[in-house]
Amino acid sequence: MKDILSMTLPELQSAVQELHEPKYRAAQIYHWLHVRKATDFAQMTDLSSALRTKLQSEFCIKRLFAARRLASSMDDTVKYLYRLPDGQHVETVLMHYQHGWRLCISTQVGCRMGCRFCASAIAGYVRNLEASEMLLQIDETERDAGISISGLVLMGIGEPLDNFRNVMQFLELLSDQKGRNMSLRHVTVSTCGIVPRIRELADRRTGLTLAVSLHNPDNAGRSQLMPVNRRYPLPELLEACQYYFAKTGRRVTYEYAVMEGENDSPQDAGKLADLLKHQQAHVNLIPVNAVKERAFHADRQAAQRFMQYLEKMGVHATVRRTLGSDIDAACGQLRHETESDAEKREE
Ligand code: SAH
């Protein structure tokens, strides 16, 4: 059955015409799905019951099921582990900011980028998410929490630019004025640095913010930490970021997980400042989240120390607020634990 929530309006129009229905029906259905957020064809009361039955036999409206829901007792952060229709799991995190609610969504089940500090890499790659499964992380969370989000980050499990086609389809559906009408200015896409896709994204001028996970200012050091750097080395990555800024006028944000003894020395700060000197860059520092299987660690003080080194060299940096630290918001950990528990049960 066709996944109707992943279809754009023109795609829905052709599908409806194939069913020998007038084209305008597609707009009605699309409105029900993307504006009124219908979860069942039975709710589409301005369609004949014959048509609703026909739609039901051709299409499915996917849902996600919250297998776990962890609410922080320290702040308003809520972490969801969603079960997808095929039984796989992804994580979604809802965070409260001064200006509203921000949601962090996953783009793949697992990840194949293999960053050495990341829990998603340990749990392994399974598949890409469909556009509908990204939209549903928003819808199900908004329904559950009774809120509506004002910002979105693609920083959960997966590498968004490794699922380029579906992520672009998702962004098209999200920003469509006839549908959800969310401005992509409120959306951030985070990448480990897939250079050709960064350039393609720049050419599309979507208006979204690009965040690049840098984590190490030394080319050889970065290759040790992030295998993607062997394919797309730092100089090429930085050039692509400058291209992004030149094409879109949007400042690129750099993510830097501070790891004690690994990337937090004054020399590292110096190299980083050197790397970014031709850009109006902003660096987001975060103390690395300790992952059970890996030895990396850092506390807030280490991140603040590194920020001071950078500030002295004229680089703008902030230490990101750590939200929901009591619910282990380190991305990929919940899925990883669930999968390894399932394996244990099967043994
Ligand atoms: N694949 C994308 C987006 C998902 S990861 C990317 O690499 O940007 C989201 C962010 O969390 C990235 O900056 C990633 O490097 C970072 N991250 C992963 N594991 C982490 C950990 N253990 N501690 C701190 N940040 C981590």
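Reader: Why is W32 called buried?

Author: The relative accessible area of W32 is 9%. Buried means under 20%. The value falls under that cut-off, so W32 counts as buried. Keep in mind that this is a predicted model. W32 is found in helix α2. Its C-alpha atom is 9.9 Å from that of D46, 14 residues apart in sequence.

Reader: What makes H20 exposed or buried?

Author: H20 has a relative accessible area of 74%. Exposed means over 50%. The value is over that cut-off, so H20 is exposed. H20 sits in the loop between α1 (9–18) and α2 (24–34). The backbone has a point to note here: H20 has a positive phi of about 60°, although it is not a glycine.

Reader: Why is R63 called partly exposed?

Author: R63 has a relative accessible area of 39%. Buried is under 20%, exposed is over 50%, and partly exposed is in between. The value for R63 lies in between, so R63 is partly exposed. R63 belongs to the loop between β2 (59–60) and β3 (65–71). Its C-alpha atom and that of L103 are separated by 18 Å, and the two are 40 residues apart along the chain.

Reader: How do you know whether G249 is buried or exposed?

Author: The relative accessible area of G249 is 54%. That is over the 50% cut-off, so G249 is exposed. G249 is placed in the loop between α10 (234–248) and β12. From G249 to N284 is 35 residues along the chain, and their C-alpha atoms are separated by 19 Å.

Reader: What about H215, buried or exposed?

Author: H215 has 7% relative accessibility. This is under 20%, so H215 counts as buried. H215 lies in the loop between β11 (209–213) and α8 (219–225). H215 has a positive phi of about 65°, although it is not a glycine. H215 and I286 are 71 residues apart in sequence, yet 9.9 Å apart in space, C-alpha to C-alpha.

Reader: Which polar backbone atom is 2.9 Å from a nitrogen atom of the ligand?

Author: That atom belongs to N289. Another polar backbone atom, from G158, is 3.0 Å from a nitrogen atom of the ligand. The protein covers 91% of the 530 Å² of accessible area that the ligand has on its own.

Reader: Which residues come nearest to the ligand?

Author: There are 17 residues around the ligand, and E159, S190, S213, H215 and N289 come nearest. By class, the shell has eight nonpolar, seven polar and two charged residues. Two strands, β10 (187–191) and β12 (253–258), each supply at least two residues of this shell.

Reader: What makes up the largest nonpolar core?

Author: The largest nonpolar core has 102 residues. Those with the most contacts inside it are L152, F170, L174, Y254, V283 and L285. Helix α6 (residues 164–175) gives the most to this core, with seven residues. Both domain 1 (2–60) and domain 2 (65–346) contribute at least three residues each to this core.

Reader: Why would nonpolar side chains be found together?

Author: In soluble globular proteins, nonpolar side chains tend to be buried together.

Definitions and conventions
Residues are numbered from 1 along each chain as its sequence is written. This is a predicted model: local features need pLDDT of at least 70, side-chain atom pairs count only at pLDDT 80 or more; totals for chains, interfaces and linings use all residues. Side-chain values use heavy atoms; hydrogens and water are left out. A residue is near a molecule or strand if one of its heavy atoms lies within 4 Å of it. A polar contact is a pair of N or O atoms within 3.5 Å; within protein, one must be able to donate a hydrogen and the other to accept it, and residues adjacent in sequence count only if both atoms are side-chain atoms. Accessible areas come from the Shrake-Rupley method with a 1.4 Å probe; for residues, only the protein chains shown count as cover. Helices (H or I, at least four residues) and strands (E, at least two) are DSSP runs, numbered from the N terminus. Ala, Val, Leu, Ile, Met, Phe, Trp, Tyr, Cys and Pro count as nonpolar, Asp, Glu, Lys and Arg as charged, and the others, Gly among them, as polar. A nonpolar core is a set of buried Ala, Val, Leu, Ile, Met, Phe, Trp, Tyr and Cys residues joined through side-chain atoms within 4.5 Å. Buried means under 20% relative accessible area, exposed over 50%, partly exposed in between (1.4 Å probe, protein chains only). Domain bounds come from an automatic or database domain assignment.
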